[in-house]
Amino acid sequence: QVELAESGGGSVRAGGSLRLSCAATDGYIETMDVMGWYRQAPGRQRELVGTMTSGGPTKVVDSLKARFSVSWDNEKSTLYLQMRQLKPEDTAIYYCYGDSDVFGLGPQRYWGQGTQVTVSS
């Protein structure tokens, strides 16, 4: 079973930084064609934060790219979301996802359980 797990969330003051991590069940992360991050603030729809294509570039949405970055550690098989200069409006649950066709059923999207990020002013 494919499972993704985020870590690294927490509470921080405005202007601070956090780094979120996303790991997958052993043996499955290499099957991911695309991985990335979404976030969902209270009362709002889930929105894309950034993506990483297997063997390709990372991308962060324009509104966040000055402060956020997506990266990959090959040795640890871990996806990261580095967040800097955090603002109260960044408060949300952050979700990691991965797209994989590991079972040959067509691309499936797998989600982590989410990690809370709270930014106080």
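Predicted model: local features only at pLDDT ≥ 70, side-chain atom pairs only at ≥ 80, totals over all residues.
Good morning. The lining of the largest pocket is made up of 6 nonpolar, 6 polar and 2 charged residues.

Two strands, S4 (32–40) and S5 (47–53), each contribute at least two residues to the lining. Which strand gives the largest share of the lining? That is S4, with 4 residues.

I turn now to the disulfide. A search of the whole structure returns 1 disulfide. The partners are Cys22 and Cys96, and their sulfur atoms lie 1.9 Å apart. Cys22 belongs to strand S3 (residues 18–24) and Cys96 to strand S9 (residues 92–100), so the bond ties together parts that are 74 residues apart in sequence. What is the handedness of this disulfide? The torsion about the S-S bond of Cys22 and Cys96 is about -70°, and the disulfide is therefore left-handed. Are the two cysteines buried or exposed? Cys22 has a relative accessible area of 0% and is buried. Cys96 likewise counts as buried, at 0% relative accessibility. For both residues the cut-off to keep in mind is that buried means under 20% relative accessible area.

The structure holds 4 aromatic pairs, and I will describe two of them. A pair of aromatic rings is described by the distance of the centres and the angle of the planes.

Tyr95 and Trp111 make an edge-to-face pair, with 6.4 Å from centre to centre and 90° between the planes. Tyr95 lies in strand S9 and Trp111 in strand S10 (residues 108–111), so this pair ties together parts that are 16 residues apart in sequence. With a relative accessible area of 11%, Tyr95 is buried. Trp111, in contrast, is partly exposed, its relative accessible area being 34%.

Tyr97 is buried, at a relative accessible area of 3%.

Which residues make up the aromatic cluster? Tyr38, Tyr95, Tyr97 and Trp111 form one cluster.

The charged end of Arg46 is placed over the ring of Trp111, at 4.6 Å from the ring centre. There is also an arrangement of this kind at Tyr80: Arg19 lies over the face of that ring, 4.0 Å from its centre.

Next, the backbone. Most residues other than glycine have a negative phi, and most peptide bonds are trans. Against that background, two residues deserve a look. Ser77 has a phi near 50°, which is positive although the residue is not glycine. Where does Ser77 lie? Its place is the loop between strand S7 (68–73) and strand S8 (78–83). Gln85 also has a positive phi in a residue other than glycine, with a value near 45°. Gln85 sits in the loop between S8 and S9.

The C-alpha atoms of Glu30 and Ser77 are separated by 8.0 Å, although the two residues are 47 apart along the chain. Glu30 is part of the loop between S3 and S4. With 56% relative accessibility, Glu30 counts as exposed.

Leu81 is buried, with a relative accessible area of 0%. From Leu81 to Gln116 the C-alpha distance is 13 Å, across 35 residues of sequence.

Note on methods. Residues numbered from 1 in each chain as written. Heavy atoms only, no water. Disulfide = S-S within 2.5 Å. Buried < 20%, exposed > 50% of the residue type's maximum accessible area, 1.4 Å probe, protein only. Nonpolar A, V, L, I, M, F, W, Y, C, P; charged D, E, K, R; others polar. Phe/Tyr/Trp six-rings, centres within 6.5 Å; stacked < 30°, edge-to-face > 60°. Lys NZ or Arg CZ within 6 Å of the ring centre and 35° of its normal.
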